[in-house]
Amino acid sequence: MEERKIRLKVNGKDCELSVKPNELLLNVLRNKLGLTGTKYGCGTGDCGACTVLINNEPRLSCLTLAVTVDGAEITTVEGLATNGKLHPIQEAFVKHGAIQCGFCIPGIVIMAKGLLDINPNPTVEEIKEALKGHLCRCTGYINIIKAIKAAALEMSKG
Amino acid sequence: MVNTRILASEFEYFEPRTINEAVNLLAKYGQEARVLAGGSDLIVDMKVEKVNPKYLIYIGKIPELRSIAKVGNEVVVGANATFFDLIKSPLLQSFPILLEALKSIQLEIKMMGTIGGNICSAAPTASTATPLLVLNAWVKVVSARGSRTIPIEKVYVGNRKTSLAPDELLTEIHLPVLDSRYGTAFGEIKTKIKFAVVIGRRGDVCEHCRIAIGGDVEVAKRVEKAEKLLEGKVFNERAIEEACDAVVEEIDPDNWYVREVAKYLFPKVVWEAWEKAR
């Protein structure tokens, strides 16, 4: 298959890449850009581990062809911290013990960022709704919910 | 065992900028082509080798396919509008039954999945299927041969089968605005069973009734037998029970679990629609 040139802005940095039409955004991020924070979990849209922000919307990078997002802004978990300082969502996850093995966390943290952008003060029910596309085998979700709630509060303080 | 880490299949990729370009590609490659919208169904099907198109036509770069507008007494939704586009559109707020059905979709799929993709996948479990059926929605499909309109119940012709020809592109979904005296309700138990109901009442009598079933059935559809059992009758427990029996007949007799949950869910949904009707 013939490669096509695409331009992406990944975590604020412009990149020009050559990709085959069947290349998944997930693999472009991981293999071509070395951003291995985003995980491959199920590959079928059930687990949420591959979630990234595409133009600020949480989407599944394992079901997205890289060619289709030419020109888009992508944010991965690596792009949340600024100047070596963790994002308030990441801080809250650490503080509330929301991370155990951590495999699902990049996807969940990115989803939380997308959620709080749309809904800065979600209820516990709304957080649970948003988490339904994310599988976590360790935590039982309770501390994840607490962390997202706390992050919302922290972020509302500005 | 398929490797879902990659998309192994190879295809020629097209990115039309207009509906015209898209239908010309479909006219040329229709039989061996698939239209890619949000990708949440098609990419999975391609990964697991359920489908293996030679040509992939991505319609995400056609702006007019994403518009939502009010035209006369209808809201016209572009086929490539995402679930989230619908949820946040002020025009869609007059269709609470449709929004209710979109609630259970995971956030990421709300951003990716499109109403047109949901219709064309024609899964009986599709979130939009039952509300569209009771809203009397209709669709516009375009091909190089011209265009035609199809009522939604004539779109779903089988399990994951639509009546669209290979060279046809779904472009618009038309939603007639319901008279505000009608009551509507939607209920589901996961992907097992879904009901959408529209009811018009006069006093104690059910004047008008539309019922759609989806979930673990062959195809999402209207249950006319149940509708007729309620229409013109005094709305009470007995009438609902008779309609419920007709609804359950639509479910495979061996599928006892879904039949049982349907018996529980159906009366709840019908009552809710009745109570909202004025």
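Predicted model: local features only at pLDDT ≥ 70, side-chain atom pairs only at ≥ 80, totals over all residues.
## Buried, exposed and in between

A residue is called buried under 20% relative accessible area, exposed over 50%, and partly exposed in between (1.4 Å probe, protein chains only).

Residues are numbered from 1 along each chain as its sequence is written, chains are lettered from A and ligands numbered from 1 in the order in which they are written, and side-chain values use heavy atoms, leaving out hydrogens and water.

Where does Ile99(A) sit? Look in the loop between α2 (88-95) and α3 (105-118) of chain A; helices here are DSSP runs (H or I, at least four residues), numbered from the N terminus.

## The domains of chain B

Chain B is split into domain 1 (12-58), domain 2 (63-176) and domain 3 (183-276), with bounds that come from an automatic or database domain assignment. Between the C-alpha centres of domain 1 of chain B and domain 3 of chain B there are 36 Å.

## Salt bridges

Side chains of opposite charge can pair when their charged atoms come close. How many salt bridges are there over all chains? The search of the whole structure turns up 27, each one a side-chain nitrogen of Lys or Arg within 4 Å of a carboxyl oxygen of Asp or Glu.

One of them links Arg17(B) to Glu15(B), at 3.1 Å from N to O. Arg17(B) is partly exposed at 45%, whereas Glu15(B) is buried at 15%. Another pairs Asp45(B) with Lys50(B), at 3.7 Å from N to O. Here Asp45(B) is buried, at 13% relative accessibility, and Lys50(B) is exposed, at 53%.

Glu100(B) and Lys103(B) also form a salt bridge, their closest N and O atoms being 3.7 Å apart. Glu100(B) is partly exposed at 34%, while Lys103(B) is exposed at 51%. Then there's a network: Arg145(B), Arg148(B), Asp167(B) and Glu168(B) are joined by salt bridges that share partners.

Conventions:
Helix = DSSP H or I, 4+ residues; strand = E, 2+ residues; numbered from the N terminus.
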